[in-house]
Every structure is written in C-alpha cells, then in structure tokens.
Amino acid sequence: MNILEIKNLKKSFDTEVIKDISLTVEEGKVVGIIGPSGSGKSTLLRCATMLETIDSGEIIYMNEHAVRTNPDGKAVYASPKELRRIQRYFGLVFQNFNLFPHYSVIKNITDPLITVQKKSKNEAMEIGRRLLEKMGLSDKEHAYPCQLSGGQQQRVSIARALALNPKILFFDEPTSALDPELTGEILKVIRDLAQEHMTMVIVTHEMSFARDVADHIIFMDGGVIVEQGNPEDVINNPKNERTKAFLNRFER
Amino acid sequence: MGYVGHGSVPCPVEFVIKLNGGALVELSVMLSILSKGMLLSVEIFVLTLLFSIPLGFVVTFGRMSKNFIIRNLVKIYISIMRGTPLMLQLMVVYFGPNLIFGIKISNEYRFTAVIIGFVINYAAYFAEIYRSGIESIPVGQYEAAKVLGYNKFQTFMKIILPQVIKRILPAVTNEVITLIKDTSLAYVISIPEMFSQAKALASSQNTLVPYAIAGVFYYIFNYIVAYIMEWIENKFSYYKIS
Ligand SMILES: Nc1ncnc2c1ncn2[C@@H]1O[C@H](COP(=O)(O)OP(=O)(O)OP(=O)(O)O)[C@@H](O)[C@H]1O
Ligand SMILES: [Mg+2]
C-alpha cells in the first residue's frame, strides 16, 4: 500500500525550486532525503504537507488525490472538506519544534486532539500521557516549552504529531537546531519509531543515521532527484558525481 | 453624580460661578465639586477603553486586509488619528456635524462626542499595537497549527491571540496610562471633567489647591491602573515566548 505518491511535482518561487520530482512511500517504510543546502528538500516537504501550494503535479495520500493537474498543466487542489480529511493522514516535525509556548507540555499534545479531533478530555489525556511516557518525559507533563531543553522540546513536538495518529510522519532536519550532545536522544526516538514500522520521510544531514534508519535514500540537488536507492548503495557506493562530491564533505 | 447616562452637562465655569456667586467656598465643597469631575474623568476613561479595545481589533483586521481599498482606507484613518492632535479631533467630532452638515447639536451630544472622539482615536493606536503584536508571532506557529488541523479561526483564537496579548500588554499599558491624562482634553468641548473643574475652581477661588488635588487624583488613578495592568501582565508571565 502506498501511503504517499508524488508525481511530477513542480514548484517555483522566483526560480524553479522543485523540478519534476516523483516519489512513493510505502506503508511502514522510512525514506531519507539528503542533499546540499538549497536543493529544495524543505520545499518538497512543505509541498507534501500543503504548507506551500504546488505549480503542477500530483500528491496522493492513501489513494486520495490532494492535488491533481489539469490537462492544461494547472494544479487543482481537492475541496477544503477533502483536504481536511487528507490532512489527518500526515504529521510534520519541524526543525525548530514550533511548540505552542503558552500551552503546557501536555496541553500541546492534547489540545489538537480535543480541538481538531473532538476527542474527550479524558481520552486526550490518556493519549498524551502514554506518548509522554514513551518519550521519557512523564515528569515534564506540566512544564512549559521554555523550561525544556531543545531535545526535550523536540520530543514533545514528536509526541504532539504522533498523538493525532498520522499514517505518515515527515521530519525536516529534526536535529539541526539542537546542540550536538542532544541529537542522540532524537535520533533514538526516530529509530524506535522505525522499529515500530512507522512510515516516515526524514530530511537529515546525519548521514550515518540516514543509512541506518532509512529503507530508501533520496539524494536531491538543484530541485531534482539525482540518485536514489537503498542506503548502502547511495551512501557507501554513490554512482553519481554530485552525490560523491556531496558525501565526501561528510566524514563517513 | 449628575453626568452619568449622558444627562445635561453644564459648562463648568458657569456651574461653579452659579454655585458660589463669587464667594469663597469651603474645602469640602471644593472636594465635592472636584469629585464630580473625577467621576466624569473615570467615566470617560472606562467607556473609552470599553469600546476602543475591541474596536482596535476590527481596525487591525481592516489594516491587514487583503482588500486593497479597505486596507488603504484604514491606513488613512489611522494616519489621521495619529497625525493630528486629539484635542482637534474632539472639536471636529463635536462641532463637525453642525459646521459641515448644519445639524443642530444638542447639549446631550457633548458627552457622546467626547466618547466618540476618544474611542476612534484610541482604537487607531490600539490597532497599530495589535498589528505589531500579530506580526511578531513567528510564522511557524501558524504552520504548526495548520499541519495539526486547526482551522483559521481556531488558530487565531487559541494559538495566536493569547501570545499577541502577552506581547502587547506593555504597550497597551502605556496607552492606558496616557489615556488617564488625556481625559483632561475633554475640557475643549466644555466637559466638566476633573481638570476643567480644577481650573474653574482655581480661577474663581484664586487658589492653587484644586490643582494640587487634581494632581493627587491623577497620580492615584495612574497608580491603581498601573497596579491592575501589572497584575494582568503577571498572569501572563507563566511562560516565555522564545
Ligand atoms: N518562501 C520562499 N520564497 C522564495 N524562495 C524560497 C522560499 N522558500 C525557499 N526558497 C528557495 O528555494 C530554494 C530551496 O530551499 P529549501 O529550503 O527547500 O532548501 P533545503 O534543501 O531545505 O536547504 P537546507 O538544507 O538549507 O534546509 C532555496 O534557493 C531557497 O532560497
Ligand atoms: Mg531545509
């Protein structure tokens, strides 16, 4: 089952940033996206999560079209009602967490459940507490985001995304805003999720992590997929010169 | 309290002279006259805030509207409100209907005019404060809310507004304190508020005591308001905005 299919996605700002990208993500698989700065990785995730509108192409979640493209080449989005349903299929973890600073840790997790999914307060609290426990943050339930370390904040934001029970979770450089000594705790959480067969798309600069956790690696440069395949091949034996040059800058 | 509910509002000078007929009045009489002025000042203050604080949001939304015409009309309105003296605006609101449209203005209109003048002026100032607050909220907050499935209304009411309020409270406090002192401008259209009463008394009694009392009044008024605002700010201090 394909959780996500992207076909011929194109997106321009001043210049074309995504030039005809297609990819599929199967249920339970982890896709790692690597590539130099400015290659369009974040833009791709933002298009997939509908934070940006695309110029043309198709985005399909669970066989439901969020966007399709007219014969004349214009992207057409589904109705707001359909989009609201499709929205529930995915979650996004931001580089800089974007927790709600005026809500306690537990409320950050439960409020979307109550406000958006109309769950009861008790049910939401149960989900929230279970996820906090999983993230090793049970003692921080009533803390505010400003009282937490970056790593703890990121774990709360992962819990917040997981609470809504998405079919697929996107991560945009989840450790880039963290001190080096804190990246480990986030990578471990993501590894655990991969073990549980959570479907994920992860943009990262952590090459060894990408190689370990991903089932499929995509190397992007200049708005196109330059090379892709299984992690061993792409990261240990890249074929393309640009991939080689990029990977050479990382100590392997 | 003769002036509550927009009743007849006599001219302050007449009022005092009629009362004492040129003779000196006792301190207690002076205080009773001044306290009526005080009540009127407080009334202007409360009514102005009551209407201008919500109206400021309407103005902000107009100012931030995607509609070119609405946005620019509101922009002009704000720039006039901020670019001309409040005193002049009060005069325009009071005398304008007569001078421009030839409508006969009743005495009752005097108080209404003061409130209208203050409200439209302060709404413009509040609107600009609200706008700076709204624009200071990181775009990531909107994006997080959107991905989590909050609709636009929920996002504004639950995620954005509480943070905006925290951010703008210090600036709002400044405006509120300024308003206390600005209430004295109502004298230009002969509203017998605190300061005009003090002035009238001071000249008819040939003493500076009413001014001293007025000074103490404004100071205490400020003190109470500052205390309340600080209390509200403390209510929002349980978290920090990064
Ligand atoms: N909102 C925007 N307006 C204009 N240009 C944009 C916008 N967002 C991104 N871009 C441009 O699109 C290109 C791709 O940016 P993007 O953020 O997707 O790269 P990235 O691969 O995520 O890079 P990094 O590794 O630095 O995060 C860049 O040249 C960037 O300047
Ligand atoms: Mg990026």
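Visitor: How many aromatic pairs does a search of the whole structure find over all chains?

Guide: This is a predicted model, in which local features need pLDDT of at least 70 and side-chain atom pairs pLDDT 80 or more, while totals for chains, interfaces and linings use all residues. Residues are numbered from 1 along each chain, chains are lettered from A and ligands numbered from 1 as written, and side-chain values use heavy atoms, without hydrogens and water. The search gives 21 aromatic pairs over all chains (ring centres within 6.5 Å).

Visitor: What makes the pair of Phe61(B) and Phe156(B) edge-to-face?

Guide: The centres of the Phe61(B) and Phe156(B) rings are 5.5 Å apart and their planes stand at 70°. Edge-to-face requires over 60 degrees (under 30 is stacked, the rest tilted), so the name applies. Phe61(B) belongs to helix α2 (residues 27-63) of chain B and Phe156(B) to helix α7 (residues 152-182) of chain B, so the pair ties together parts 95 residues apart in sequence. A helix here is a DSSP run of H or I with at least four residues; a strand is E, at least two.

Visitor: Which helix gives the most to the shell around ligand 1?

Guide: Helix α1 (residues 41-48) of chain A, with three residues. The residues surrounding ligand 1 (a heavy atom within 4 Å) include Phe13(A), Lys41(A) and His205(A).

Visitor: Which residues line the largest cavity?

Guide: The lining is Leu92(A), Val93(A), Phe94(A), Phe97(A), Ser157(A), Arg160(A), Ala161(A), Ala144(B), Val147(B) and Leu148(B). Two or more of these residues come from each of β7 (90-93) and α5 (150-163) of chain A and α6 (139-148) of chain B. The volume of the largest cavity is about 60 Å³.

Visitor: Why is one space called a cavity and another a pocket?

Guide: On a 1 Å grid, a 1.4 Å probe fits in a cavity but cannot get out; a pocket is open, with protein on both sides within 12 Å along at least five of seven lines, and lining atoms lie within 4 Å of a point. The largest pocket has a volume of about 1000 Å³. Among its 25 lining residues, Lys66(B), Tyr142(B), Lys146(B), Asn151(B) and Lys152(B) are the closest to its centre. Helix α6(B) supplies the largest share of that lining, five residues.

Note on methods: Grid points are joined across faces, edges and corners, and a volume is the space filled by probe spheres set on the points. Rings of Phe, Tyr and Trp (its six-membered ring) pair if their centres lie within 6.5 Å; planes under 30 degrees apart count as stacked, over 60 as edge-to-face and the rest as tilted.
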